[in-house]
Amino acid sequence: MRIVLLGAPGAGKGTQCKSLVSRYGLLHLSSGDILRQERSEGTELGKKAQRYMDSGALVPDEIIIEMMAKAIDNAPAAGFILDGFPRTVNQAVALDKALDESGQTIDAVLNLEVDDGIIEKRMTGRRSCPQCGAVYHIENMKPKTEGVCDHDGTELIQRPDDNPKVVAKRLETYHRQTEPLVDYYKKQGIVHDFDANDEAEVVASSIFDALDTLST
Ligand code: AMP
């Protein structure tokens, strides 16, 4: 199965990916995670991406397309789930072209729909562990000890791009540059819409129903 997960930042894409990976054995390819990894390793790519990421803008298409094409090439036969890529129509066209060259297509696009107000609350309250990547929320998913990671005791941080000003910019970027992708994929007849204002488990169960039907 080759799946694209669409939704604004904070729509719960990362959480849903974890459930999909454990149920279907897909490789989770998150463009944001790959970029953050490149940054923490101090690579050229990471340095180039830094200022775009910290301001809530998109990293230029050519950088992302090359980076994700490499990641997809190494995916196992079970397939992959793309999280955060494509984010522009230009990236989607490049992805279709690259897959087409190896006789592949995207099987399903899962579109997570969430109100902007809920997203703002989710993202500005998010805290993460710089050591192991675990994610918490100051209201709904508190660590056992305030401000400290349950797994390794590291002090939790707020990602620079989760501060309120940058969140507003990321949402604006999403509506302007990424939302048109829904129509792009609707023309291919492969979009499944989900109300992602609900609890993560409820959303996961609807996604499983859709994908189980698709794979039988
Ligand atoms: P994410 O964790 O997916 O929200 O991504 C964090 C940041 O990485 C975004 O705000 C962008 O600056 C950058 N980024 C991630 N994926 C892409 C993409 N497909 N195209 C352009 N920029 C991206």
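Me: Leaving aside neighbours within four places in sequence, which residues is D150 in contact with?

Reply: In this predicted model, D150 touches Y136, P143, K144 and T145 once neighbours within four places in sequence are set aside. The side chain of D150 also comes to 2.8 Å from the backbone nitrogen of K144.

Me: How is the packing of two helices described?

Reply: One gives the angle between the two axes and the distance between those axes. Here, helix α4 (residues 61-73) packs against helix α5 (residues 89-101) at about 30 degrees, the axes being 10 Å apart. The crossing of α4 past α5 is right-handed. From α4, D61, I64, I65 and I72 meet N90, Q91, A94, L95 and L99 of α5. The residues of this contact comprise 6 nonpolar, 2 polar and 1 charged.

Me: Which strands do bridges join to β1?

Reply: Strand β1 runs parallel to β3 (residues 80-83), with 4 bridges, and parallel to β4 (residues 108-113), with 5 bridges. L5 stands opposite D83 in β3, while I3 has A108 as its bridge partner in β4. Both faces of β1 are covered, with R2, V4 and L6 buried on one side and I3, L5 and G7 buried on the other.

Key. Residues are numbered from 1 along each chain as its sequence is written. This is a predicted model: local features need pLDDT of at least 70, side-chain atom pairs count only at pLDDT 80 or more; totals for chains, interfaces and linings use all residues. Side-chain values use heavy atoms; hydrogens and water are left out. Axes are lines fitted to C-alpha atoms, for helices over the stretch in contact, and angles run from 0 to 180 degrees between N-to-C directions. Helices (H or I, at least four residues) and strands (E, at least two) are DSSP runs, numbered from the N terminus. A crossing is left-handed if the near helix is turned anticlockwise from the far one by less than a right angle, and right-handed if clockwise. Contact means heavy atoms within 4.5 Å. Ala, Val, Leu, Ile, Met, Phe, Trp, Tyr, Cys and Pro count as nonpolar, Asp, Glu, Lys and Arg as charged, and the others, Gly among them, as polar. A polar contact is a pair of N or O atoms within 3.5 Å; within protein, one must be able to donate a hydrogen and the other to accept it, and residues adjacent in sequence count only if both atoms are side-chain atoms. Buried means under 20% relative accessible area, exposed over 50%, partly exposed in between (1.4 Å probe, protein chains only). Two strands pair if DSSP finds at least two bridges between them.
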